[in-house]
Amino acid sequence: MAKKNLQDIDVAGKRVLVRVDFNVPLENQGGEMVITDDKRVKATLPTLKHLLKNHARIILCSHLGRPKGKAVPEMSLKPVAACLSSVIGQEVKFAPDCIGQEAIHLANGLQDGEVLLLENLRYYAEEEKNDEVFAKKLAELAEVYVNDAFGSAHRAHASTAGVAAFIPVSAAGFLMESELKFLGGELEKPKRPFVVILGGAKVSDKINVIDALLDKADTILIGGAMAYTFALAQGRKVGDSLSEPDKVETAKAAMEKAKEKGVQFLLPIDTLIVEELDFRAKQVSPGKYTEEGADIPEGWEGVDIGPKTVELYEKEISKAALVVWNGPMGVFEIADCSKGTFAIADAIVANTQCTSIIGGGDSAKAVKKAGLADKVSFVSTGGGASLEFLEGKALPGVEAIQDKPSVGV
């Protein structure tokens with residue numbers, strides 16, 4: 001069922017509680033906490049501009065870090081209020097608490113078009129417990145609830161799920177709506193050919209996504225460390241590569257399902273291997289590529305897909321009408337191991353006819369690092385949330401939003 005969006009609700013003169021994702025990186029610079037990346041703040045602008053234009057009284061709430069139910073000064077949202085003020089060109093008031101009399105007083109004192117940011121929700125342990133009493137206290141602040149924090153939608157917390165039960169009107173913000181459109185709508189009836197690219201470290205992290213997408217995809221391309229678990233399942237040797245020997249049967253079952261469904265399931269045919277990898281120092285020893293189809297020798301580990309695999313995968317991507325990519329092809333954070341991941345990003349962008357969806361997490365970081373984020377159709381803001389959504393799981397933060405009225409009722 002489609003969810004209500006900002007176009008469906010009247011916000012004029014109303015106090016609107018907006019759940020945003022202001023979980024931004026902070027750094028102590030000369031005794032002052034400074035935001036080092038304001039992308040998440042700017043991502044909320046379409047929703048905020050709409051609410052401001054329509055004379056809402058805006059109350060923003062978010063978590064920041066993991067203070068574990070205590071007031072940790074280094075995790076205060078106060079620096080975000082200053083950052084947002086400069087971004088939107090007007091004062092953003094700050095409440096030193098997210099519930100209680102002072103928060104209520106500041107919320108009730110808002111005029112049309114004014115903005116208030118509440119202190120870190122996770123200063124209260126009740127937030128992550130989805131405590132009903134805490135959710136009711138949050139609800140006291142507002143008459144309308146808007147969720148624009150897709151990245152937290154897979155968590156049943158008080159501010160993402162519980163609070164919506166106590167506010168009469170709820171809707172998805174524009175960022176949330178985009179996520180539902182691309183991750184939901186595009187995948188419901190996918191354009192053909194539909195190519196899925198999956199990478200990352202563990203088969204166990206992605207097996208539910210693989211299983212769900214095997215029912216929809218035409219081709220699945222596998223990369224990253226989880227490719228070595230699939231290689232083990234084929235009876236190949238992977239040397240010292242990161243793998244999950246206990247997931248070999250799971251990998252075999254996935255390949256068997258692909259065969260039954262007629263889904264093309266491709267694994268790397270060559271690999272960049274090294275003898276030493278120091279992730280912390282972002283360094284590797286001189287590497288070499290394996291021959292096509294060759295095992296990885298003992299003492300060596302795979303860190304990226306090779307040029308022949310890139311060529312094979314590029315060919316499939318070039319034919320796609322829809323591409324979904326989740327997970328890098330190798331240790332892309334190290335320059336010497338990033339060629340495969342960036343080549344895949346280039347291939348996706350080169351196919352200008354396809355709809356391209358980057359499923360959050362490390363693949364989103366990779367496409368941004370490659371400078372291509374603005375050239376794909378959509379980059380998800382949710383890591384864990386996008387994975388669970390791709391699996392077909394119901395997300396508590398989405399479920400809590402009111403449905404659009406049925407047509408003809």
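Predicted model: local features only at pLDDT ≥ 70, side-chain atom pairs only at ≥ 80, totals over all residues.
Colleague: How do you know that the count of disulfides comes to zero?

Modeller: A disulfide needs two cysteine sulfur atoms within 2.5 Å. Take C61: the closest cysteine sulfur is in C98, and it sits 8.1 Å away, so that is too far for a bond. By the rule, the count for the model is zero disulfides.

Colleague: And what makes C61 buried?

Modeller: The cut-off for buried is under 20% relative accessible area. C61 comes in at 0%, so it counts as buried. C337 gets the label in the same way, with a relative accessible area of 0%.

Colleague: What makes strand β4 largely enclosed?

Modeller: Strand β4 covers residues 57-61, and four of those five residues are buried, so the rest of the structure largely encloses the strand. Strand β1 (residues 15-19) runs parallel to β4 and is joined to it by five bridges, with V18 partnered by L60. Strand β6 (residues 115-118) also pairs with β4 in the parallel sense, over three bridges, and there L60 stands opposite L117.

Colleague: How do you know that β4 and β6 pair?

Modeller: Pairing takes at least two bridges. β4 and β6 have three, so they meet the rule.

Colleague: Which part of helix α3 faces inward, by the buried label?

Modeller: In α3 (residues 78-88), the buried residues are V80, A81, C83, L84, S85 and I88. They pack against β3 (32-35), α1 (39-43), α2 (45-53), β4, β5 (92-95) and β6. Just after the helix, G89 takes a positive phi of about 75°.

Colleague: You mention β3. What does M33 touch?

Modeller: M33 is in strand β3. Leaving out residues up to four places away in sequence, M33 touches L26, E27, N28, E74 and P79. For a sense of scale, M33 and D304 are 271 residues apart in sequence, and their C-alpha atoms are 37 Å apart.

Colleague: Why are α8 and α9 called roughly perpendicular?

Modeller: Angles of 65 to 115 degrees get that name. Helix α8 (residues 203-213) packs on helix α9 (residues 226-233) at about 80°, with the axes 10 Å apart. The two helices are therefore roughly perpendicular to each other. On the α8 side, V203, K206 and I210 make the contact, meeting M226, T229 and F230 of α9. Sorted by type, the residues of that contact are four nonpolar, one polar and one charged.

Colleague: What makes β15 and β16 edge strands?

Modeller: They belong to an open sheet of three strands, ordered β15-β12-β16, with antiparallel pairing. β15 (288-289) and β16 (301-305) each have a single partner strand, so one side of each is left without a neighbour in the sheet. β12 (residues 271-274) is joined to β15 by two bridges, and I273 has K288 as its bridge partner.

Colleague: What about the six-stranded sheet: which strands are its edges?

Modeller: That open sheet has the order β11-β10-β9-β17-β18-β19, with parallel pairing. The edge strands are β11 (264-266) and β19 (378-379), since each pairs on one side only. β10 (residues 219-222) runs parallel to β11 and is joined to it by three bridges; I220 stands opposite F265 there.

Colleague: Which strands do helices α11 and α12 lie across?

Modeller: Helix α11 (residues 307-319) lies across β9 (194-198), β10, β11 and β17 (322-326), at about 150° to β10. Helix α12 lies across β9, β17 and β18 (355-358), at about 155° to β17. α12 (residues 339-350) also lies across β15 and β16 of the three-stranded sheet, running at about 20° to β16.

Definitions and conventions
Residues numbered from 1 in each chain as written. Heavy atoms only, no water. Buried < 20%, exposed > 50% of the residue type's maximum accessible area, 1.4 Å probe, protein only. Helix = DSSP H or I, 4+ residues; strand = E, 2+ residues; numbered from the N terminus. Contact = heavy atoms within 4.5 Å. Axes fitted to C-alpha atoms, helices over the stretch in contact; angles between N-to-C directions. Parallel < 35°, antiparallel > 145°, perpendicular 65-115°, else oblique. Nonpolar A, V, L, I, M, F, W, Y, C, P; charged D, E, K, R; others polar.
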